[in-house]
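Good morning, and thank you for coming. Please look at the model on the screen while I describe its arrangement.

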Amino acid sequence: MRFPSLLLFLLASSLLFTSCTKKTDEKGKTLYLAVSSQVKGMDPIYANDRYSGNEVARVYEGLLQYDYFRRPYTLAPNLAEAMPTVSEDGLTYTFKVLKGVVFQDDAAFPEGKGRELTAEDFVYSIKRLADPKLQGLGWWLLDGKIKGLNEWRNKYAELPKTDYEEEVEGLKALDRYTLQFKLSKPFPQFLYSLAMPFTYAVAREVVEKYGDEFLNHPVGTGPFAIRDGVFKQTKKIYYVKNPTFREKLYPCEGSEEFKEKGFLKDCGKKLPLVDRLEVNIIEENQPRWLNFEKGRVDFVAVPKDNFDSVIPDAKNLGNDYKEKKIELLISPALDITYIAFNHDLALFKNNKKLRRAMSLAYDIDEANKKFNNNQAIRAQSIVPPGIAGYMESYKSPYRGRGRKEDIEKAKKLLAEAGFPEGKGLPVITYDCPNNTVSRHQGEYFQLQMAKIGINVKVIQNPWPELQKKITTRNVMTYGIAWSADYPDAENFLQLIYGPNRAPGANGSGYDNPEFNKLFKVASVMQDGPERTALYEKMNRMAAEEVPWIFLVHRQSFVVKHGWLKNYISTDFEAGISQYFDVDKKLKKETLKKL
Amino acid sequence: MMNEQKSKSLWSHAWDSLISDKLTVLSMIIVVAYSLIAVTSALGLIAGDWSQEVGPSYAAPSSDYIFGLDIFGRSVFAKTIKGTEVAMSVGLVTGILTVIIGVFLGALAGYFGGKVDEVIVWFYTTFSSIPSIMLLVGICFIVGKGILAVYLSLGLTSWVSLCRLIRGEFIRHKDREYVQAATAIGGGDYRKIFKHILPNVLHIVIINFSLQFQVAIKSEVILSYLGLGVQGVPSWGTMINDAKLELARGNWWQLAAATAAMMIVVLAFNILGDSLRDALDPKLKGK
């Protein structure tokens, strides 16, 4: 009879939880954030999911960042003094690294005092991403792009130990503060990659001191430091303001829309604006929502099951929420949700008809109603609206919408594929994360496939486990989403570019020589109508080849409490918590009413 | 001619005492009813169409849809029945596994004593010191998620208490006169264990089995709730898991159906187990 006692324990710990967070009279300001997924760790080179990336970006920083107050998305210098100077052929980028930036204090440094950041740190950090021994999950980002880096990587793949001292031609510190990149071919998205957590600066001393445990010992230059210096892989992550953070000031310039709304009135204040962060990992929708309603979390996405009661007309908050000074932010997300096939399996690889049949059998309209409150945009192909390459009026011939003709066509294709009414097909497994909504999505897929006689089995996994299964190709199909790393269609198209196969970003392993050829051409082109035309061609190709079942492009519906200031919905969340502020007086008043 | 007064055996005594209590009879009827539902459902005679969409998403209970419908318009009633099949099968298989392992090891330890006893006692003490939920998760990772993992993990983690009891009983019985008599007429170890002592401790097995049954049902529900249980088939645990989202919409029926179904059978097994102990354990007689 051990289960009842386990339940008791859980109950008891939840009581503890409530009593801990009731304190509102603490000194300084604390942000309470909710994250919907487990975090893998705090090593930048492994932060290939949004949740880990966001945590990494609280402690670490990169050369560049997205200007939080500008739309369309614009890059701005962060650890660089200014945007780089670019040579005429577009291949050499020279950065000046900010002076006087120090790493957080840690025992790894002499006398425990964090030392100054130099250009050499970026050389080291980016080599680390390329280190064949470490299998960094962001290598796809720079693969084949920096002169000499691939050769360096290949050389040490054979040798027992990686030598970081060996110079790489395209990645050099010219002096203490000057960093120079030489690209092996034009790579228009290069600067975006320097704003991604993968390329953030780590200190060599720290990596060497902690070894394998470095994952849990984040020491960066960023606005926050992890409390007690150790990430404990628990459901709560505490951060404190980094006491040695440089003089980084709240920006005074931004897009008109944000100026008008008063987002810039904190202009000139020293960042970060709060003293502490408390990140709660709450995987299930309802507990996350209830914590928000009770004021224990500052902002949260509206769960689909509360949608009708929170946003009755799908545009505005219900009155009882308005009275509590809660605010709603609606914005389209640069993302796509999809069901991927594992193209390592001959079953899917050589069977376009099967893939098309499955895509046609999937009723996207009903799914949109069930899982997105009918607010998402049906995905026709891989590129989401809002970036060049998306085709407003294009309709994929293999986009199922539950109509009779869709099902008939699907059945016909399935028969042509050699599986009339599903006969001869094995049971197809579908892997998804470990929460109720994901399971429902799996069951929905199961029901859709049953319509044409295909048997699907749903398997749930913890999020890190699912990612591992995908990178080790241990799946048949899986449901997942991709959010843009940078606002360029290339970031979506590369997901089905053959050479990017897992452990790269192409988890499905789709490999089509014709597509690869087009991608190779487009990926080195500068922005312009020609590139857009190529993007559109590839986008159309993706729709017709059906490497995945494309589902929807979501819209984000975020609610926040009135006391949380300076929150703006963005697709690039790395580092934004440094701008947030809390109106403590308002919070105290509002909490009484909740 | 003298009338032969047949003396009553332990078993018929027990039966008499069981059926004299109305609550016990009711419990037995419930258990039989659940078993019948489980068997007919396993044979595909009922609830085979649980995965069919029969009406609109989240329709409330009404005369058309007795327990209401779930997110995909599937009948909650059919799912509850299919869940009964899962729960009862888990109870049965786990119970049998527990009995086989527990009785076998307990008998060996108790009967032979010495080194054998030491090894087995060491083994089950070590085994029971592993938190069972961790062991369950571990087994799930090895054999993969699904009903097999549930059978194995529950069966392999719940035999210790029965093993202890059987060992104790064997220690008590092995020096009794009837065992010595069996030895005297040349009975071997095997014969003494299975023919002589085991029938005399069987009541403990039966009581334990009926109690184990309901613990297994509850555990299955908890495992499925956590997403570690059966996959792709309805279980009361996954139904309760669904309810986490549904309650936000005010849909209570799936939660109600699953918990009611579970509560009734667990309560029935508990009452039955209690009555069985009263009826079968001579030491408790009259208390």
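The domain assignment of chain A, whose bounds come from an automatic or database assignment, gives domain 1, residues 43-221, and domain 2, residues 335-553. Their C-alpha centres lie 32 Å apart. In the contact between them, 15 residues of domain 1 of chain A meet 15 residues of domain 2 of chain A; two residues are in contact if their C-beta atoms, placed from the backbone, lie within 7 Å. The side of domain 1 of chain A that touches domain 2 of chain A divides into ten nonpolar, two polar and three charged residues. Here Ala, Val, Leu, Ile, Met, Phe, Trp, Tyr, Cys and Pro count as nonpolar, Asp, Glu, Lys and Arg as charged, and the others, Gly among them, as polar.

Residues are numbered from 1 along each chain as its sequence is written, and chains are lettered from A and ligands numbered from 1 in the order in which they are written.

How confident is the predictor in chain A, on average? The average pLDDT, the predictor's confidence in each residue from 0 to 100, is 91 for chain A, and 96% of the residues score at least 70. Over residues 1-23 of chain A, however, pLDDT stays under 50, and the model has seven contacts beyond four places in sequence for them. Where pLDDT is low, the predicted coordinates should not be read in detail.

Let us turn to the chain as a whole. Chain A holds 20 helices and 22 strands; helices (H or I, at least four residues) and strands (E, at least two) are DSSP runs, numbered from the N terminus. Of the 594 residues in chain A, 46% are buried. A residue is buried if 20 or more other C-beta atoms lie within 10 Å of its own, exposed if 12 or fewer, and partly exposed in between, with C-beta atoms placed from the backbone.

Chain A also touches chain B. The contact takes 22 residues from chain A and 20 residues from chain B. Which element gives the largest share of the side of chain A that touches chain B? That is H15(A), with seven residues.

A:Leu91 is partly exposed because 17 other C-beta atoms lie within 10 Å. Not counting residues up to four places away in sequence, A:Leu91 touches A:Lys182, A:Leu183 and A:Pro186. A:Leu183 is 92 residues from A:Leu91 along the chain, yet their C-alpha atoms are separated by 5.0 Å.

Finally, the backbone. Most residues other than glycine have a negative phi, and most peptide bonds are trans. The peptide bond from A:Arg71 to A:Pro72 is cis, with omega near -5°, and that from A:Leu271 to A:Pro272 is cis, with omega near -10°. A:Gln135, in the loop between helix H3 (119-130) and helix H4 (149-158) of chain A, has a positive phi near 50°. Is A:Gln135 buried or exposed? A:Gln135 counts as exposed, because it has 11 C-beta neighbours inside 10 Å.

Methods
Predicted model: local features only at pLDDT ≥ 70, side-chain atom pairs only at ≥ 80, totals over all residues.
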